[in-house]
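Let's take a friendly walk through a protein model, element by element.

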Amino acid sequence: MKYNPRFAAVLTPSNRQSIRFSFQSCSRFPCIFEAFSNVNSGGVRRVGGLRVMSDGVFENGYLRSSIDRFQAAVTADFNSGSTLDEAIQNNRGLLQKNTYTYLKPEKINSFEVGYKGLFFNRTLKVDADFYFNRYNNFIAQIEMNVPHTTVAELIPYYLNDRTLQDRYRIYTNSQSVVYNYGSSLGISYMLNSKYSINGNVSYAKLSRTDNGDGFEDGFNTPEWIGNIFFLGENVWKTLGFNVTYKRQSSFYWRSFLVNGGVKPYGALDAHISYSFEKSRLDIKVGATNLTNKYYNSFLGGPAVGGLYYTTLTYYLQ
């Protein structure tokens, strides 16, 4: 049984302003892939974090990050004139036995404060918030290798030879507390009865103590996302339009399929609409990514180009 309390409060200093507070605590159980995956990705086996899937790996594994440092040091010493045996013995202390274990539920405590206000005779609307999340047992991945031997004296030799070890990427829980914080700001301004300008921007950041163990968080969220809109309603009779520019910053993507950097991108969306009231017919013509400049919002997926559409809506009554 998990106890997950939630509290919320809203203060209204005036009929045009409000301040909100909230706190909640909840748990997240591993999804099916995190718990039960077993995929050979060509030299790396991606395995779920439950004992039924990874029994023996956690107990006999060595952190891949320490193996990389060990192999690099052995190669450097060997190239400097040491024998292979001397190089392995001199650097065996760099190897780090796995300290992670089988999956447990992830726990989060979340706090949020926000503000909403109307100004200038209700023509300007401002909505802002800030949130802070604290994770215990944050679920992500760790890479480790298991040597084909359990004899302590032979393990460094096996871990120096890539053919004498198995490589795993396993879901587990972070051993340090993980923090996620961010904020957003939205502004809407009515130029007059027909035109308005809206915009929003959000910031998100994941933070934890980096102990160099190769733990992969898989946050997969750009730090900055922004949108700006220019809208018109009944510009001429029932003619309306919406022009949107969206922008996303670069970020590092981690997944079971591929790791790497996602480039920043911007895209322009637009549509116009008109309502034929007498014939009860609405028509909308528009495009997403109007300029057809291809971009990737994440790795391992297709590039996104322009999409152009026409929508007809007929009202029966």
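This is a predicted model: local features need pLDDT of at least 70, side-chain atom pairs count only at pLDDT 80 or more; totals for chains, interfaces and linings use all residues.

Residues are numbered from 1 along each chain as its sequence is written, and side-chain values use heavy atoms, with hydrogens and water left out.

Start with the open sheet: five strands in the order 3-4-9-8-5, with mixed pairing. Helices (H or I, at least four residues) and strands (E, at least two) are DSSP runs, numbered from the N terminus, and two strands pair if DSSP finds at least two bridges between them. At the edges of this sheet sit strand 3 (38–40) and strand 5 (62–63), each of which pairs on one side only. Further in, strand 4 (residues 45–47) and strand 9 (residues 165–173) run parallel and are joined by three bridges. To find this pairing on screen, look for Arg46, which stands opposite Arg169 in strand 9.

Now move to the helices. Helix 4 spans residues 64–79, and Arg64 lies in it. Is Arg64 buried or exposed? With buried meaning under 20% relative accessible area, exposed over 50% and partly exposed in between (1.4 Å probe, protein chains only), Arg64 counts as buried because its relative accessibility is 17%. Its contacts (heavy atoms within 4.5 Å) include Glu143, Met144, Asn145 and Arg167, once neighbours within four places in sequence are left aside. Ala76 is also found in helix 4, and Ala76 is partly exposed, with a relative accessible area of 39%.

Helix 5 (residues 84–91) has Ala87, Ile88 and Asn91 buried. Seen down the axis of helix 5, its buried residues fall within an arc of 95 degrees (taken from the directions from the helix axis to the C-beta atoms), so they line one face of the helix. The buried residues of helix 5 pack against helix 4 and helix 6 (155–159).

Next, follow the antiparallel strands. Strand 13 (residues 239–248) pairs with strand 16 (residues 265–276) in the antiparallel sense over nine bridges; here Asn242 has His271 in strand 16 as its bridge partner. Strand 16 is also joined to strand 17 (residues 281–288), again antiparallel, by seven bridges, and the bridge partner of Ser273 is Lys284 in strand 17. The hairpin of strand 16 and strand 17 has four residues between the strands, and Arg280 takes a positive phi near 55 degrees in this hairpin.

In strand 10 (residues 178–190) you will find Ile187, which is partly exposed at a relative accessible area of 38%. Not counting residues up to four places away in sequence, Ile187 touches Leu124, Lys125, Ile197, Asn198 and Gly199.

Finally, where is there open space? Rolling a probe the size of a water molecule over the atoms shows where empty space is left. On a 1 Å grid over the protein atoms alone, a pocket is an open set of points where a 1.4 Å probe fits, with protein on both sides within 12 Å along at least five of seven lines, and lining residues have an atom within 4 Å of a point. Grid points are joined across faces, edges and corners, and a volume is the space filled by probe spheres set on the points.

The largest pocket holds about 330 Å³ of space. It is lined by 16 residues, and the closest to its centre are Lys205, Leu206, Asp217, Phe219 and Arg254. Strand 11 (195–208) and strand 14 (251–254) each supply at least two lining residues, with strand 11 giving the most, five.

The second largest pocket holds about 270 Å³. Of its 24 lining residues, the closest to its centre are Tyr171, Gly218, Asn220, Arg254 and Ser255. Helix 1 (32–36), strand 8 (139–147) and strand 14 each give two or more residues to this lining, and the largest share, three residues, comes from strand 8.
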